[in-house]
Amino acid sequence: MALIPFSPPRIDDEIIQEVTAALKSGWITTGPRTKQFEKELSAYNGNEYTLCLNSATAGLEIMLRWFGVKEGDEVILPAYTYAATANVVVHCGARPVLVDVNASDFNINVENVKAAITSKTKVIMPVDFGGLPCDYTALMEVVNSGDVKSKFNAETEIQKKLGRIMILSDAAHSLGATYHGKRTGIWADASVFSFHAVKNLTTAEGGAIALMLPPPFSNEEIYKFLCIYTLHGQNKDALAKMQKGNWKYDIIEAGFKCNMTDLVAAIGLIELRRYNDDTLVVRKQVCDYYYDALSAFDWAQLPILRDEHRESSYHLFPLRIKGVSEEQRDAIIQAIFDEDVSVNVHFIPLPQLSFYKKQGFNIDDYPVTYSNFATEISLPIFYDLTIEQKQRVVSAVVKAVESVLVKAT
Ligand SMILES: *Cc1c(COP(=O)(O)O)cnc(C)c1O
């Protein structure tokens with residue numbers, strides 16, 4: 001039987017036609033399609049200004065740098081996330097402070113966040129794991145509370161203006177998810193989405209910063225500054241320089257170079273226009289199918305897909321197998337692959353990766369992260385997954401788990 005892939009992109013004629021149109025338009029780098037994609041993303045999420053870049057990683061780092069995060073500062077993030085969330089903190093010379101997550105939903109634990117705050121804390125980076133939003137109301141309450149605010153050591157004009165710790169959401173998974181009925185992108189000071197090839201909405205590689213800084217900040221001004229900051233600090237972009245006689249430019253900062261191209265924005269435009277009423281509907285159906293089919297088994301610890309205040313973007317279906325060891329989980333994964341079904345693990349905890357181990361992190365300090373990881377298996381979700389394939393996934397999982405559990409008894 002053919003291998004069921006984990007998460008292939010949906011590249012069809014509509015996408016190919018739009019990319020072809022971009023190629024033929026004579027404008028392939030940042031230009032009208034990128035700007036249109038930004039506008040449509042803002043309309044979708046409900047914020048005013050969104051900046052598209054070449055990755056979510058770049059977006060996270062740019063926001064940390066905009067806020068002035070530097071050596072000696074601390075940034076709090078979950079131990080259970082992809083390395084990008086922590087690497088950008090290291091790039092800025094600051095110290096990632098890892099905290100343990102919730103057993104229920106894999107997200108950062110707010111009590112642990114509170115306990116980790118010091119006078120060096122500049123930013124908290126919650127991660128909407130698998131597409132389920134974090135508790136932003138609670139996080140905002142923490143950073144706005146009197147004693148946390150009085151501890152905050154504002155060192156730059158921007159930090160003084162905010163007057164508290166910034167919440168920078170790693171929303172790489174959660175485009176289209178809702179919290180209190182409203183989409184992610186408006187709940188943190190800034191939220192960063194990923195359009196990497198395996199994400200819910202892809203542009204091959206890409207990302208976007210949804211700006212939501214509170215007054216007296218002007219998100220329009222920040223957006224304009226970031227456009228320049230992500231293009232070498234050059235005060236005119238390539239499109240502006242195309243205007244007749246408009247060749248002179250200045251460099252106002254030693255800026256970065258991580259703009260999105262119109263070629264990939266073309267993919268994003270098509271993806272976004274069919275996202276809510278097509279992509280998300282199908283992803284939800286896949287997750288609901290797995291949920292219902294696996295709820296019959298005592299060993300299955302099913303993920304939260306929605307609850308009173310939240311609905312996932314259905315990016316992942318992070319199944320956990322109750323009580324298994326990491327070795328047993330690995331054996332189950334092997335047995336699932338033997339049935340020609342691709343699965344994955346999200347993620348290897350940061351304290352188990354060589355670089356972060358060398359920084360002194362120890363997985364023993366993160367028991368919930370470890371047990372989430374050791375028992376987790378992410379099931380395949382993609383647009384063209386057929387009903388027969390969904391059935392095969394479930395049978396492969398059941399067969400694999402039961403064979404390993406039988407061996408253990
Ligand atoms: C994919 C991912 C990122 C990075 O996204 P890129 O667009 O590849 O830079 C960051 N955080 C999490 C949790 C991710 O899964």
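The dialogue below goes through domains, their interface, side-chain pairs and backbone exceptions in a predicted model.

Reader: Into which domains is the chain divided?

Author: The chain is split into domain 1, residues 13-273, and domain 2, residues 275-408. Their C-alpha centres are 27 Å apart. Domain 1 contributes 44 residues to the contact and domain 2 contributes 35.

Reader: How much area do domain 1 and domain 2 bury between them?

Author: The two domains bury about 3200 Å² between them, and 58% of that is on carbon and sulfur atoms.

Reader: How should I read salt bridges, and how many does the rule find across the interface of domain 1 and domain 2?

Author: The general idea is that side chains of opposite charge can pair when their charged atoms come close. Across the interface of domain 1 and domain 2 the rule finds 1 salt bridge. Arg310 and Asp105 meet through their side chains in a salt bridge, at 2.8 Å from N to O.

Reader: How many salt bridges does a search of the whole structure find?

Author: The search of the whole structure gives 24 salt bridges. One of them joins the side chains of Arg33 and Glu18, with 2.9 Å from N to O. This pair links distant parts of the chain: Arg33 belongs to helix H2 (residues 32-45) and Glu18 to helix H1 (residues 13-24), 15 residues apart.

Reader: What about aromatic pairs: how many are found in the whole structure?

Author: A search of the whole structure returns 20 aromatic pairs. Among them, Phe225 and Tyr229 are stacked, with 5.1 Å from centre to centre and 25 degrees between the planes. The angle counts as stacked because the planes are under 30 degrees apart.

Reader: Where do Phe225 and Tyr229 sit, and by how much of a helical turn are they separated?

Author: Both are in helix H9 (residues 219-229); they are 4 residues apart, so about one helical turn separates them.

Reader: Turning to the backbone, which peptide bonds are cis?

Author: As background, most peptide bonds are trans. Here the bond from Pro215 to Pro216 is cis, with omega near 10 degrees. Pro216 is in the loop between strand S9 (207-211) and H9. The bond from His346 to Phe347 is also cis, with omega near -10 degrees. Phe347 falls in the loop between helix H13 (326-338) and helix H14 (354-358).

Reader: What is the phi of Tyr314, and is it positive or negative?

Author: The general rule is that most residues other than glycine have a negative phi. Tyr314 has a positive phi of about 60 degrees, although it is not a glycine. Tyr314 is located in the loop between strand S11 (310-311) and strand S12 (318-321).

Technical notes: Residues numbered from 1 in each chain as written. Predicted model: local features only at pLDDT ≥ 70, side-chain atom pairs only at ≥ 80, totals over all residues. Heavy atoms only, no water. Domains from an automatic or database assignment. Contact = heavy atoms within 4.5 Å. Buried area = accessible area lost by both parts, 1.4 Å probe. Salt bridge = Lys/Arg side-chain N within 4 Å of Asp/Glu carboxyl O. Phe/Tyr/Trp six-rings, centres within 6.5 Å; stacked < 30°, edge-to-face > 60°. Helix = DSSP H or I, 4+ residues; strand = E, 2+ residues; numbered from the N terminus.
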